[in-house]
Amino acid sequence: MPLDIARESRDYVDRYRAHGYAIVRGLFDAATMAQVQEEARRIYAEGLKHRATYRDRNLLFEILPEAHGGRRYVLQAHWFAWISPFFERFRRDPRWHDLLSPLLGRDIKQVAQQLHWKPPGADLTGYRFHQDIKFRENPAAFRAIVEANITTGLAIDRATPENGCLRVVPGSHAKGYLGLSDDGPLMKGTTQEGELSRAGLDPSSIVDVALEPGDVVLWGLLTVHGSAPNRSDRDRAFGISSYVRAADSPERGEWAFRDGVSTPLGPEPEICKYEKLREKPGPFYVEDDWYAR
Ligand SMILES: O=C(O)CCC(=O)C(=O)O
Ligand SMILES: [Fe+2]
């Protein structure tokens, strides 16, 4: 059965391969997205209980504390499936399988599950341009790391240039690792056009990925992307999940689909992106004041 997505999105596999990203409109319907929005708000409220960035195994809340801007904000949550039965099911909803299987096959693990908010009023909500492969601390744990990994970005709120939608550089996936934003925190400052030009990228080719709730954008580990801070009065909740072909990731990630069958989390977390899971499982607060430096 063809995937139930907007007609103009049906060639997404070819577009992903050719340009390093693809937009898929209407993967999730309005009723599903209303549930996603409500549960995302609950996760935000849960994160807000923490005075600083907090980790409990793969679960993480990235906090911008009141000491910085007078008010506490949550910027990210990771692996909230561990505290949300709804998101534990949603991460392995059959629609993800049908979307990804033409690229990854029927055995798929999940390496990242993140929610990114850009609360109006928080000053540090932009992401400098980068390639996500920089966040795979142990690339040797993956085979065919670039080909086997796909990141999906689900618009939970409408995403526009004003509230800091994702921005991508088409064709950048074919240029190798470029070292962008390797000099400091990803969420401080903005990428200067000269930095992109020096890396052989054309700043005028940047595409703003404006999305409606339920639309998804796919990108790869080498696709150059970033996003501007939110300058509007509307939040931008964005759900980022990375999936990997299971055969190429024997030791990293949580099963999502085994031979096409949706597979729940097991009793203990697997190492995903947090490499120190076994040595330092937490819970603990992360005393890193990157926002103040
Ligand atoms: O939330 C965004 O706009 C982009 C975030 C991102 O690229 C990342 O965390 O690697
Ligand atoms: Fe990224």
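R57 sits in the loop between β2 (54-56) and β3, where strands (E, at least two residues) and helices (H or I, at least four) are DSSP runs numbered from the N terminus. Its phi is near 55°, a positive value in a residue other than glycine. R57 counts as partly exposed because it has 18 C-beta neighbours inside 10 Å; a residue is buried if 20 or more other C-beta atoms, placed from the backbone, lie within 10 Å of its own, exposed if 12 or fewer, and partly exposed in between. The model is predicted: local features need pLDDT of at least 70 and side-chain atom pairs count only at pLDDT 80 or more, while totals for chains, interfaces and linings use all residues. Residues are numbered from 1 along each chain as its sequence is written, and chains are lettered from A and ligands numbered from 1 in the order in which they are written.

D259, in the loop between β13 and β14, also has a positive phi, near 45°. With 9 C-beta neighbours inside 10 Å, D259 counts as exposed. The loop between β14 (261-262) and β15 (284-285) contains P283, and the peptide bond from G282 to P283 is cis, with omega near 10°. Most residues other than glycine have a negative phi, and most peptide bonds are trans.

The protein chain comprises seven helices and 15 strands. In helix α5 (residues 94-104), the buried residues are W96, L99, L100 and L104. These residues lie on the same side of α5 because they cover an arc of only 110° around the axis, the arc being that of the directions from the helix axis to the C-beta atoms. They pack against β1 (21-24), β5 (108-116), β7 (149-155), β12 (238-245) and β13 (254-258), contact being defined by C-beta atoms, placed from the backbone, within 7 Å. Exposed P94 and P102 are carried on the face turned away from the buried side of α5. G105, just after the helix, takes a positive phi of about 90°.

Not counting residues up to four places away in sequence, V24 touches I5, S9, Y12, L99, D215, V216 and L218.

Ligand 1 is surrounded by H116, Y127, D132, L166, H225, S227 and F238, each with its C-beta atom, placed from the backbone, within 6 Å of the ligand.

Terms used. Two residues are in contact if their C-beta atoms, placed from the backbone, lie within 7 Å.
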